[in-house]
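Dear colleague,

Please find the structure below, handed over for your records. A summary of the findings follows it.

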Amino acid sequence: MTEALFRADAYLKSASARVARLTPEGGIVPDRSIFYAKGGGQPGDSGAITWDGGRCEIAGAVKGEGEELILVPAEEAALPPPGAEIEMSLDWERRHRFMRMHTALHLLSVVVPLPVTGGQIGAEKSRLDFGMPEVIHERDFIQARLGTLIAEDHPVTEEWITEAELDANPGLVKTLSVQPPRGAGRIRLVRIGAGDSPVDLQPCGGTHVRSTAEIGAIQVGKIENKGRSNRRISLTFG
Ligand SMILES: [Zn+2]
């Protein structure tokens with residue numbers, strides 16, 4: 001298995017690891033990873049790895065078998081041999097944009113408290129789709145409320161509950177299209193805001209900024225119709 005270093009510390013920009021194995025397709029399975037594997041609407045991270053006598057650009061990362069994570073080399077390149085010690089480094093600018101966008105989408109799901117039916121995170125633009133038969137808030141309201149939540153600089157923290165606790169509290173799950181990350185009987189919850197009544201609390205396996213002010217300025221796009229009962233809201237930086 002691959003230890004998900006990005007989950008305990010989303011701010012790790014570099015770390016060492018050992019190559020557990022190479023896949024038949026030319027992917028690299030490390031024993032630990034700072035690269036987030038594509039999932040939950042968040043793209044896999046890019047960057048580079050180096051080892052004794054070699055270097056290889058990493059185009060992305062995907063989930064492998066079980067708890068494995070696979071680094072995908074950018075091009076046909078020499079790969080480190082199994083067992084080799086590697087040094088990983090992230091394309092941090094890109095990842096940090098994903099972290100800011102991802103956290104902004106949590107806040108969007110607070111401003112628009114409707115079931116989330118889909119979503120995608122990008123370095124420039126991100127979106128959530130909502131089960132929203134009628135428009136409940138105009139764009140100006142969403143823009144203002146989102147801006148306030150960002151400016152209030154709420155802390156973003158994680159905690160873990162058991163699968164049984166989640167099953168007893170199904171209301172925690174807002175995103176219908178993405179099942180919460182399960183494994184070893186534990187579920188990771190991401191909390192925005194301190195105290196007994198958090199701004200947001202939901203299962204999530206993604207990477208987030210430490211506090212909402214770090215998201216920076218966000219623009220809400222127009223609300224688009226996507227089918228009879230679905231509406232899409234997009235966010236861009238700026
Ligand atoms: Zn999240």
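How much accessible surface does the chain have, and what percentage of this surface belongs to carbon and sulfur atoms? The accessible surface amounts to about 11400 Å², and carbon and sulfur atoms contribute 50% of it. Please note that this is a predicted model, and that the values in this message are computed from it.

Overall fold

The chain contains 4 helices and 17 strands. Its C-alpha trace extends over about 55 × 40 × 35 Å along the principal axes. The radius of gyration is 19 Å; a compact globule of 238 residues would have a value near 18 Å, so the chain agrees with that expectation. Of the 238 residues, 45% count as buried. Among the contacts with a separation of 6 or more, 65% are made by residues 24 or more positions apart.

The zinc site

Four residues coordinate the zinc ion: His102, His106 and His208, each through NE2, and Cys204 through SG, at 2.0 to 2.1 Å. The site is tetrahedral, with angles of 100 to 126 degrees among the 4 donor atoms. The spacing of the donor residues in sequence is H-x3-H-x97-C-x3-H. Distant parts of the chain are linked here by the pair His106 and Cys204, which are 98 residues apart. His106 belongs to helix 2 (residues 92-111), whereas Cys204 is in the loop between strand 14 (200-203) and strand 15 (218-220).

Is Cys204 buried or exposed? Cys204 has a relative accessibility of 11%, and because buried means under 20%, this residue counts as buried. His106 is buried as well.

Cysteines

A disulfide is a covalent bond between the sulfur atoms of two cysteines. A search of the whole structure for such bonds returned 0 disulfides. Cys56, at 2% relative accessibility, therefore falls in the buried class.

Individual residues

Ser33 is located in strand 4 (residues 32-33). With a relative accessibility of 0%, Ser33 counts as buried. Apart from its neighbours within four places in sequence, Ser33 is in contact with Thr2, Glu3, Ala4, Leu5 and Phe6, and also with Leu69, Leu71 and Met88.

Arg18 is part of strand 2 (residues 14-22). Which class does Arg18 fall into at 40% relative accessibility? Arg18 counts as partly exposed, a class that lies between the 20% and 50% limits. Once neighbours within four places in sequence are set aside, the contacts of Arg18 are Val29, Pro30, Asp31, Gly83, Ala84 and Glu85. Between Arg18 and Arg186 there are 26 Å in space, C-alpha to C-alpha, and the two residues are 168 residues apart in sequence.

Most residues other than glycine have a negative phi. Asp153, however, has a positive phi, near 55 degrees. Asp153 sits in the loop between helix 3 (139-151) and strand 11 (156-162). Its relative accessibility is 36%, so Asp153 counts as partly exposed.

With kind regards

Definitions and conventions
Residues are numbered from 1 along each chain as its sequence is written. This is a predicted model: local features need pLDDT of at least 70, side-chain atom pairs count only at pLDDT 80 or more; totals for chains, interfaces and linings use all residues. Side-chain values use heavy atoms; hydrogens and water are left out. Donors are N, O and S atoms within 2.8 Å of the metal (3.2 Å for Na, K and Ca); water is not among the atoms, so sites may look incomplete. Four donors count as tetrahedral if all angles lie between 85 and 135 degrees; four count as square planar and six as octahedral if opposite donors are over 155 degrees apart and all others between 65 and 115; anything else is irregular. Helices (H or I, at least four residues) and strands (E, at least two) are DSSP runs, numbered from the N terminus. Buried means under 20% relative accessible area, exposed over 50%, partly exposed in between (1.4 Å probe, protein chains only). The radius of gyration is taken over C-alpha atoms; the globule rule is 2.2 Å times the number of residues to the power 0.38. Contact means heavy atoms within 4.5 Å. Accessible areas come from the Shrake-Rupley method with a 1.4 Å probe; for residues, only the protein chains shown count as cover. A disulfide is a pair of cysteine sulfur atoms within 2.5 Å.
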